[in-house]
Amino acid sequence: MAGDAARPGPMPSGIVISAAVMSHPRRQAEAARLAEALGRWHTEVALDPRPDGPPTTLRTAWAAWAAIRPGATHHLVLQDDVELCRDFAERVEAAAREHPDTPLAFYANWDSWNGAATRAAAFAGARWVPAVPGEWIPTLALLLPRRDVEDLLSATHPDRAEPEPDDVVLARELRARGRRVLISVPHLVEHTGQPSLVGNDLYGPRHSACFADDVLRDTASRDRDQPADTAPARLPDVLVHRLRGRAHIVLTGPDLPEPEGEPRFIPLRAYLDETGMAGRVPAHWEKARQDLQTPDSMLWLCEELWYCAYVLGAHTPSTHGVPPPRLVRVALRSLVLGGTALPAEQRLWTERHAARLTTLAEHGFAAGLDDHRTYGPPRPVPAERLAALPPAQLIWQDPRLADAA
C-alpha cells in the first residue's frame, strides 16, 4: 500500500478519491502525462511488475488497485491509453457524490453488450446504465469504493498460475458479492486506439460507444443546467448488438428463464417476427435503399445497419421526447463502426463510408421512432419462446449463430 505522504484531501461530502494509472514501461510516458493531469488526486503510475512475463493485465491492475491511499474512500484506476473528457475530474467527483457506495465505470467498448446498453440508455435520456450481467466489466476507467478495493485485493493475486484478464476477474468478484456496476452515459473517457499489449487488436479498433466530448461542446454546463435524475438506473430489456457485421438482439430483464440474469440472444429478423415488427420494416427499408450507391457485396451490411437502427428507434421511449440529433449521430456512428471489426475488407469499407452509413442509420432510427409513436412499443417476446433462446454468451464463441433463424 502507498505511504501516508501526500494524503488526498476530502471533498465537502466526505468523499476522498485516490487514483492510479496502470501502465507498461513501454507506455510510461503516456501514463505520466495522465497522472500529471490528475494531480489533484495525487495520482500514481503503477507499472507492470514483470513486464517481460506473459502478457496479462491482471498483474498491473492489481498493483494499481493496491495503490489506494490511506484515508481514501474511493480509488480510480485508469489505463494508460485513454483520453479524458473535458472536466473529467469534476465529473468523477460528482459521480462519487451521487453514487457513493457503487462501483462506477466511465467507458464501454463500442462493440460490447455494455456499449449497446449505453446507446439504448442514452436515447432514453438516462445518465447511468447498469453493466450487463455475463459480460466483462469495462476497466479503462473504473472507480471503486474502498471496501470493493480491499475485497478485490484479498480475493485475487497477480501471480496465480493461469492469470485472467482484469476485466473478467473484476466482473466475477463483484458479482459474487452482489455488487452492481453502473456505467456513465455518455462515457467520460475515450480509448486512444494504441496497439494492444495483450493481443486485443484482433478485435479491430476499440472505442467508446458514446464519448461525452463528441456529444456536446459543453457537456459540463449541460449537466449543471439539468435537474438531477433521481430515478434508479435500469438496464434496457432489449440490446441491439453487432458482431463482425452481423446483428442480433440480446435480451435482459426479469422475464428471462433461469439461470437468473443470464442474457439470451435471438437473431434480429427472428426478433422482428416475434414482436410484430416484421410486416412494417420491409417497406421502410426498400424506401431507404433506393438512394444507396453500394456494391452488391456490401448491401447486406447496409441492411443490417438500417435494421439495427430501426429497432433502436422502435424501443426509444417517446415520453422523453426526441433524443438530441448530435447524440443520435454519435451513438449510431459507434454502432456502424464498432460492429464491423472483421473481416478487414468490411471494416475498411465501413470506415471509408462511415459518414453516409451513419446517415443511413439515422434514417432507420427515425423510422423506428415514427413506428413507436404510431403503433406503440414492440410487444414482448412470448414466454415460451424466451425459454427456448440460447445464452447470449454463445455469440462470442460462434458469431455465425446470429445468422440462424
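Predicted model: local features only at pLDDT ≥ 70, side-chain atom pairs only at ≥ 80, totals over all residues.
Residues are numbered from 1 along each chain as its sequence is written, and side-chain values use heavy atoms, with hydrogens and water left out.

The protein contains 16 helices and 12 strands; helices (H or I, at least four residues) and strands (E, at least two) are DSSP runs numbered from the N terminus. Of the 405 residues, 53% are buried, where buried denotes under 20% relative accessible area, exposed over 50% and partly exposed in between, with a 1.4 Å probe and protein chains only. The accessible surface amounts to about 17,700 Å², and carbon and sulfur atoms contribute 52% of it; areas were computed by the Shrake-Rupley method with a 1.4 Å probe, and for residues only the protein chains shown count as cover. Among contacts (heavy atoms within 4.5 Å) with a separation of 6 or more, 76% join residues 24 or more positions apart.

Strand 1 and strand 3 (residues 74-79) are paired in the parallel sense over 6 bridges, and M22 has Q79 in strand 3 as its bridge partner.

Another open sheet has 3 strands in the order 10-11-12, with antiparallel pairing. Its edges are formed by strand 10 (238-243) and strand 12 (264-267), each of which has a single partner strand, so one side of each is left without a neighbour in the sheet. From one strand to the next, the twist averages 35°. Strand 10 and strand 11 (residues 246-251) pair in the antiparallel sense over 6 bridges. Bridge partners in strand 11 include L251 for V238, H248 for H241 and R246 for L243. The hairpin of strand 10 and strand 11 has 2 residues between the strands, and R244 takes a positive phi near 55° in this hairpin. The antiparallel pairing of strand 11 with strand 12 extends over 4 bridges, and L251 has R264 in strand 12 as its bridge partner.

Strand 10 is mostly covered, with 6 of its 6 residues buried. V238, V240 and R242 point one way from strand 10, while L239, H241 and L243 point the other way, and all are buried. Strand 11 is likewise mostly covered, with 5 of its 6 residues buried. Helix 9 (residues 268-275) lies across strand 10, strand 11 and strand 12, and runs at about 90° to strand 12.

The interior was further examined in terms of nonpolar cores, defined as sets of buried Ala, Val, Leu, Ile, Met, Phe, Trp, Tyr and Cys residues joined through side-chain atoms within 4.5 Å. The largest nonpolar core has 47 residues, of which W65, L142 and L170 touch the most other members. Two or more residues are given to this core by each of strand 1 (17-23), helix 2 (58-65), helix 4, strand 7 (141-145), helix 5 (146-155), helix 6 (166-176), strand 10 and helix 12 (325-338). Helix 4 supplies the largest share of this core, 5 residues. With neighbours within four places in sequence left aside, W65 is in contact with H75, V77, L142, L144, V149, L152, L153 and L170. A second, separate core of 44 residues includes L312, L332, A361 and L389.

Notes
Pairing = 2+ DSSP bridges. Axes fitted to C-alpha atoms, helices over the stretch in contact; angles between N-to-C directions.
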